[in-house]
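Colleague: I would like to go through this model and hear what stands behind each label. Please set each value against its definition.

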Amino acid sequence: MKRILNVHEAPIILFTIIVTLLFAVISPDFLQFDNIKLILDQNISMFIVAIGMTMVILLGGMDLSVGSVLAVTATSVGLFLSHGIHPWIAAAMGIGIGVLCGVVNGYFIAVRKIPDIIVTLATMYIFRGIAVGISGGTWMTNFPADFRFFGQGNLLGLSFPLLTAIILIAVFIYLLKFTRPGRRIYAIGGNNSAAKLAGISVAKSKFMVYVLTGLLVGVASVIFASKVGSVQASTAGNSLSFEVMAAVLIGGGSIFGGVGTIAGTMLGVLFMGIIKNGLIISKVSPFWVDAATGFLIILAIVINTLQRIRQNKGKEEDLV
Amino acid sequence: MTHPVLTMEGISKEFPGVKALSNVGFELYPGEVHALMGENGAGKSTLMKVLSGVYSPTQGKIRLKDQEVTFRNPLDAQRQGVSIIHQEFNLFSNLSAAENIFIDRPEMKDRFGRIRWSKMYEEAQRLVDSIGGGEIDVRKEVRHLGVHSQQVIEIAKALSFQADVLIMDEPSAALPENEVKKMFDVVNRLRAQGVAIVYVSHRMKEIFEIADKVTVLRDGAKIDTRMIGEVTEQSLIQMMVGKAVGQLYPVREQQQDQEVVLQVKELSLDSTHRVSFELRRGEILGLFGVPGSGTHTIAERLFGLKRGTGAISIHGAAVKINSPSEAKAKKIAYVPPDRHRQGIIKPMSIRQNLSIPILPQLSKGLVLDEARIKQMSGEYMEKLRIKAPSDGQSVDFLSGGNQQKVVIGKWLAAHPDILILEEPTRGVDVGAKAEIYSIIDQLAQEGLSILLISSEMPEVIGLSDRILVLYKGEIVHEFAHGEADQEQLLQRASHPLIEGGTL
Amino acid sequence: MSAWTISLRVNKLLVQLILLFVILVLFSFLSPYFLSVSNFMNVLNQMVEVGLIAIPMTMIIISGAMDLSVGSILAFSAVCMGVAFEHGMNIWVSMIIGLLAGLLCGAVNGYLIARHRMQAIVVTIGMLVMLRGLVYVINQGRPVSGFPDAFYFMGQQYIGGIPVNAIFLVIMFLIASFVMKKTRFSTYVYGIGNNEKVVRYSGISVVRIRFLLFMLSGLFSALAGVFLVSRLASAEATSGTNIELDVITATLIGGTHIFGGRGSLSGTFVGLLIIVFLRNGLNLLGVSVLYQAVILGALLLLAVGNKKFNGV
């Protein structure tokens with residue numbers, strides 16, 4: 001039992017079970033197969049973005065801009081499509097723009113060494129502004145039928161977005177566990193100066209992580225645009241950054257870096273998805289959903305702090 | 001003797017305005033433990049930094065195995081076979097011991113770039129075993145390991161680079177007394193493997209126990225290198241200080257005052273069990289114990305940094321102390337062990353640092369009374385002989401001794417009844433040490449009750465009226481004035497069960 | 001303090017003033033309406049909300065933390081006040097309810113951050129999202145208006161040609177600046193920003209100081225909400241959105257160091273003027289609000305990234 005409690009993901013597994021049971025009691029529709037599929041389906045973009053955010057938080061960083069990156073990428077994809085560019089090329093170009101946004105973040109954070117919170121706070125507004133600017137403030141709709149494949153198509157009997165998410169999750173779990181660049185992320189988050197002494201280029205790793213995050217957000221935004229069928233630049237992915245960050249923290253990631261896993265984060269995303277879905281199914285005012293998200297973020301940091309205190313028992317110094 | 005593995009010739013290092021090293025030569029042979037000694041500021045740390053690739057020397061050559069070498073950075077030095085183990089370990093507490101040893105090493109991946117964990121665990125275990133760390137599970141995360149094991153991991157990391165030269169900076173500082181012996185075992189094994197070890201330490205006793213040779217630095221120059229059999233503690237100190245040591249400790253007169261100021265009954269928390277003692281007016285009570293014995297915890301408890309059970313009474317009245325501000329209100333002051341992190345606010349001025357605990361008394365209503373603050377800071381700068389052009393100077397630019405005086409001064413200004421001093425002379429040069437000792441003595445004579453916690457035995461013995469020895473959280477012995485010598489003190493602190501069992 | 005740091009400090013202020021001057025001159029050329037007394041008074045009238053929040057924000061950043069929830073607290077207080085008024089309460093009582101609501105939010109922030117040592121950024125982001133949600137829950141997103149004329153005095157009246165709220169802001173800045181220079185509170189705040197532990201080890205309750213700072217932030221955000229409602233004659237759920245960008249940019253352009261320990265309210269005031277005149281100029285040129293955010297975001301990056309500003 002003690003060993004189970006020491007697993008970092010223990011609280012999130014427990015919470016997920018509790019809320020699942022709770023909503024199952026409140027609403028009979030909740031535990032239906034279709035509803036579970038819906039929860040997965042609705043949160044595909046979040047699963048993918050959360051992979052990137054996990055790496056960012058593992059580094060001890062933070063990325064507030066992912067929501068705006070999603071808006072900018074989705075809007076550009078919409079724009080490309082409306083100019084008659086082939087869906088596959090449009091999607092690839094969109095992902096390229098995601099990468100570009102990551103490069104911008106990475107440049108200021110890794111090269112110019114400006115604190116990530118400030119950089120991504122600034123780019124959050126900058127990218128959002130650009131998204132609205134290029135969209136001309138209107139909705140992007142009427143995507144060609146071919147484009148629907150990314151969000152709604154099937155491949156090998158599985159939904160394409162789900163398959164994409166599963167592959168990406170598997171690839172990044174592998175990268176983080178079995179490759180030197182992946183282990184460097186953990187090393188830097190664990191002890192920045194020791195990492196430098198071991199010859200690890202902190203700037204390079206940081207840059208890489210922000211670029212990869214941009215890439216992942218790019219993929220997520222293509223799926224998002226295709227699934228929803230329309231994009232509004234001013235609202236797309238509005239609270240995405242905050243929600244994804246909460247998912248990482250709830251999933252056992254430490255805000256101080258070095259601790260956390262992609263598997264844990266995925267559970268965190270699932271948990272947030274269940275809460276939202278459950279609230280809607282339970283016919284609570286949709287306004288409560290936002291309030292609940294905020295509450296979950298605070299809950300996440302509470303859990304984070306508690307875990308930290310438990311791990312540092314007897315080492316009060318480290319807490320200060 | 002064989003051929004030296006490492007030679008340094010005419011090493012000089014200059015910083016703007018300061019010559020930290022001048023023309024230092026140094027030879028190191030395989031399989032020897034070479035102690036490096038010197039007072040603070042003598043150039044030890046600069047020499048180590050040159051040797052480990054942090055600094056490049058302004059002048060001079062380094063020859064490693066007959067090849068002239070330059071180290072571009074610590075990693076480069078490590079790859080060429082010179083590793084350093086700092087006092088504060090450079091470990092990743094979130095990673096396994098094995099990964100700490102082999103972090104980011106290309107030889108641990110296979111053709112496809114995949115990390116071979118099983119190979120890493122095997123080799124790590126082999127390395128750790130080879131220096132007698134067989135009980136360490138290298139799959140465990142480092143934060144679950146003890147200090148000694150962490151040190152073994154650091155050494156194993158150096159060995160994984162085929163280290164010819166290993167520099168150990170105060171390796172015993174962080175270790176509890178009973179683990180120092182284990183560390184010596186590791187050093188002996190390394191010596192047997194032919195590794196040359198530079199052993200930097202202040203602790204005389206260790207030097208005589210482990211070193212083959214000793215080199216003394218003073219004022220950035222090498223004084224001499226001798227075989228350990230040729231020197232005595234006294235002669236080493238003379239070499240380090242440059243003159244015969246004068247009277248470092250003031251002659252304390254036994255206090256006759258019997259008024260009990262502080263009474264502690266059955267204090268328990270963390271690892272301390274039911275500690276009881278009394279502190280009288282004008283008394284200096286020494287608390288001694290190896291790290292982890294609970295002396296630090298008692299200080300933290302008395303100053304309200306930690307909570308626990310037990311009764312504390314001051315001047316006969318029972319008090320509760322749950323925070324530093326409550327302790328301050330009860331006229332308890334605490335000079336903490338780590339002045340950089342706990343004692344001074346670096347960019348702020350001497351005046352601001354001195355006044356910070358007593359700002360309410362130095363204000364008119366909510367507004368600061370600048371005139372009184374100036375007067376107060378002038379008074380304490382003079383009283384403590386703090387050397388600085390003015391009290392507006394940032395404490396950052398002061399020497400260690402003067403910084404420490406600022407920390408003491410800021411609490412004296414609060415006119416405490418009880419002063420807890422923990423490591424009051426850590427990282428302070430000999431001159432300032434003597435000054436601080438005479439200040440402590442004078443304060444006690446003025447009637448201040450002082451609780452002295454220190455890991456430097458001569459200090460505890462030289463200053464204290466009585467000494468309480470702690471072992472594993474309990475008081476195991478009390479020495480009256482003049483009763484204790486270093487040997488007895490250390491024995492009580494590390495083997496309390498010998499001689500009839502005080503437990 | 002060496003001559004070097006002093007010259008650097010002067011230099012920093014000089015750079016800020018030059019930037020302000022450049023903006024003033026630039027927009028005077030670009031827009032015929034910019035350089036006029038009425039426009040300047042208009043700017044002063046509009047800068048109050050950002051300015052009020054910038055006061056505690058400067059203190060919080062000096063202490064080494066940050067508060068991202070200010071915009072949501074502003075909206076929450078404004079809507080609380082509006083709803084209280086709708087329920088038939090006296091306008092001044094409603095106003096006090098609004099202020100108390102802000103104070104309460106600040107207390108929650110302070111409790112979690114100061115007492116339980118949680119990361120300020122994450123906690124205040126949580127509050128940002130949660131309070132904005134609650135604002136909609138409370139009032140279903142409807143704006144509240146129809147306040148009595150007496151109440152508009154705060155946001156719309158002029159005394160001697162100068163807006164009342166601007167006078168109030170300047171007075172607040174003077175008081176706060178005095179507090180951050182001449183009282184022990186300032187020593188504690190700067191001390192915490194430089195080395196929190198030493199302050200604690202000096203027998204001062206760091207928890208209390210931090211708590212107080214976040215309470216102040218909540219109160220001033222609420223105050224900004226009240227002035228906003230008075231100025232616009234309407235309490236809206238969207239009010240204060242993104243205001244943290246303006247506030248933080250003003251503070252950081254004003255030379256407050258992002259890692260804490262250094263900064264001043266006079267600097268923040270200059271930073272504030274830079275921001276508001278920039279916004280005003282862009283408004284006059286017809287630049288959309290979202291593009292303004294792009295420019296402000298870039299300015300924020302510039303302020304923190306430029307060595308002349310942050311003085312390292």
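**Labels and their cut-offs**

Colleague: Why is Phe220(C) called buried?
Modeller: Phe220(C) has 28 other C-beta atoms within 10 Å. A residue is buried if 20 or more other C-beta atoms lie within 10 Å of its own, exposed if 12 or fewer, and partly exposed in between, with C-beta atoms placed from the backbone. Phe220(C) is therefore buried.

Colleague: What are the ground rules for the model and its numbering?
Modeller: This is a predicted model, in which local features need pLDDT of at least 70 and side-chain atom pairs count only at pLDDT 80 or more, while totals for chains, interfaces and linings use all residues. Residues are numbered from 1 along each chain as its sequence is written, and chains are lettered from A and ligands numbered from 1 in the order in which they are written.

Colleague: Which residues does Phe220(C) touch, not counting residues up to four places away in sequence?
Modeller: Leu52(C), Ile53(C), Ile55(C) and Pro56(C). Contact here is C-beta atoms, placed from the backbone, within 7 Å. Phe220(C) itself sits in helix 10 (residues 206-232) of chain C; helices (H or I, at least four residues) and strands (E, at least two) are DSSP runs, numbered from the N terminus. Ala237(C) is 17 residues from Phe220(C) in sequence, and their C-alpha atoms are 18 Å apart.

Colleague: Where does the "transmembrane region" annotation of chain C come from, and which residues does it cover?
Modeller: It comes from an unreviewed UniProt entry, which lists residues 12-34, 40-61, 91-113, 120-138, 158-180, 211-233, 253-277 and 284-304 of chain C. The positions are in the numbering used here, feature names are shortened, and such annotations may be inferred rather than shown by experiment. In the model, residues 40-61 of chain C are 95% helix and 0% strand, with end C-alpha atoms 29 Å apart. Residues 284-304 of chain C are 81% helix and 0% strand, and their end C-alpha atoms are 27 Å apart.

Colleague: What makes helix 13 of chain A largely enclosed?
Modeller: Eleven of the eleven residues of helix 13 (residues 240-250) of chain A are buried, so the rest of the structure largely encloses this helix. Among them are Phe242(A), Glu243(A) and Met245(A). Just after helix 13 of chain A, Gly252(A) has a positive phi of about 100 degrees.

Colleague: How do you know that chain A is as compact as a globular protein of its length?
Modeller: Chain A has 16 helices and four strands. Its radius of gyration is 20 Å, close to the 20 Å from the globule rule for 320 residues, so chain A is as compact as a globular protein of that length. The radius is taken over C-alpha atoms, and the rule is 2.2 Å times the number of residues to the power 0.38. Buried residues make up 53% of the 320 residues in chain A.

Colleague: Why is strand 21 of chain B described as largely enclosed?
Modeller: Five of the six residues of strand 21 (residues 466-471) of chain B are buried, so the strand is largely enclosed by the rest of the structure.

Colleague: What makes strand 21 of chain B paired, and in which sense does each partner run?
Modeller: Two strands pair if DSSP finds at least two bridges between them. Strand 13 (residues 284-288) of chain B pairs with strand 21 of chain B over four bridges, in the parallel sense. Strand 22 (residues 474-479) of chain B is joined to strand 21 of chain B by five bridges and runs antiparallel. Ile467(B) is the bridge partner of Gly286(B) and stands opposite Phe479(B) in strand 22 of chain B. Strands 21 and 22 of chain B form a hairpin with two residues between them, and Lys472(B) in the turn has a positive phi of about 45 degrees.

Colleague: How many residues of chain A are in contact with chain C?
Modeller: 33 residues of chain A are in contact with 34 residues of chain C. Helix 7 of chain A gives the largest share of that side of chain A, twelve residues.

Technical notes. Two residues are in contact if their C-beta atoms, placed from the backbone, lie within 7 Å.
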